[in-house]
Amino acid sequence: QVQLVESGGGLVQPGGSLRLSCAGSGFSLDDAVIGWFRQVPGKEREGVSCFSSSDSNTAYADSVKGRFTISGDNAKTTVYLQMNSLKPNDTARYYCAGRPRGPTNIAAFCRVPAEYDYWGQGTQVTVSS
């Protein structure tokens, strides 16, 4: 059974930082694409960032470029999303998603929810003073 489990969410003040983690079981993060998405009630799920474990390629939404960094650990068991300079409009439930490796140009597809096979349950991030 495939499981992706997110952790690291919480309440943080504007300008603060959080690091989200996505760990996989039953699904190898070796040679996979992992995406981070976020969603607020009443809105569509938004692709935030994605990471290709085979070549460490990354992609980001314009709204988080320069503030968020996605990375994988050397053991290829966990993918992280480091979020700095957080803003109130970053408040959302954050989900990680996984799929086998796809085309080399991950930016062309990796922020599209329908491209993924597996999803975690999400972790809440609230940015508020």
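This is a predicted model: local features need pLDDT of at least 70, side-chain atom pairs count only at pLDDT 80 or more; totals for chains, interfaces and linings use all residues.
Start with the position. Arginine 38 sits in strand β4, which covers residues 32-39. Is arginine 38 buried or exposed? Its relative accessible area is 7%, and the cut-off for buried is under 20%, so arginine 38 counts as buried.

Next, its surroundings. Setting aside neighbours within four places in sequence, arginine 38 is in contact with several residues, including Glu44, Val48, Phe68 and Asn89. Two polar contacts of its side chain can be named here. One goes to the side chain of serine 63, at 3.5 Å. Another goes to the side chain of tyrosine 94, at 2.9 Å.

Now the salt bridges. How many salt bridges are there? The count is 6. In one of them, the side chain of arginine 38 meets that of aspartate 90, with N to O at 2.9 Å. Arginine 38 is in strand β4 and aspartate 90 is in the loop between β8 and β9, so this pair ties together parts 52 residues apart in sequence. Aspartate 90 has a relative accessibility of 0%, so it is buried.

Aspartate 90 also forms a salt bridge with arginine 67, where the closest N and O atoms are 2.7 Å apart. That pair links distant parts of the chain, with arginine 67 in the loop between β6 and β7, 23 residues from aspartate 90. Arginine 67, at 10% relative accessibility, counts as buried. Through shared partners, salt bridges join Arg38, Glu46, Arg67 and Asp90 into one network.

For contrast, take lysine 65 and aspartate 62. They form a salt bridge at 3.2 Å between the closest N and O atoms, and both residues are exposed.

Note on methods. Residues are numbered from 1 along each chain as its sequence is written. Side-chain values use heavy atoms; hydrogens and water are left out. Helices (H or I, at least four residues) and strands (E, at least two) are DSSP runs, numbered from the N terminus. Buried means under 20% relative accessible area, exposed over 50%, partly exposed in between (1.4 Å probe, protein chains only). A polar contact is a pair of N or O atoms within 3.5 Å; within protein, one must be able to donate a hydrogen and the other to accept it, and residues adjacent in sequence count only if both atoms are side-chain atoms. Contact means heavy atoms within 4.5 Å. A salt bridge is a side-chain nitrogen of Lys or Arg within 4 Å of a carboxyl oxygen of Asp or Glu.
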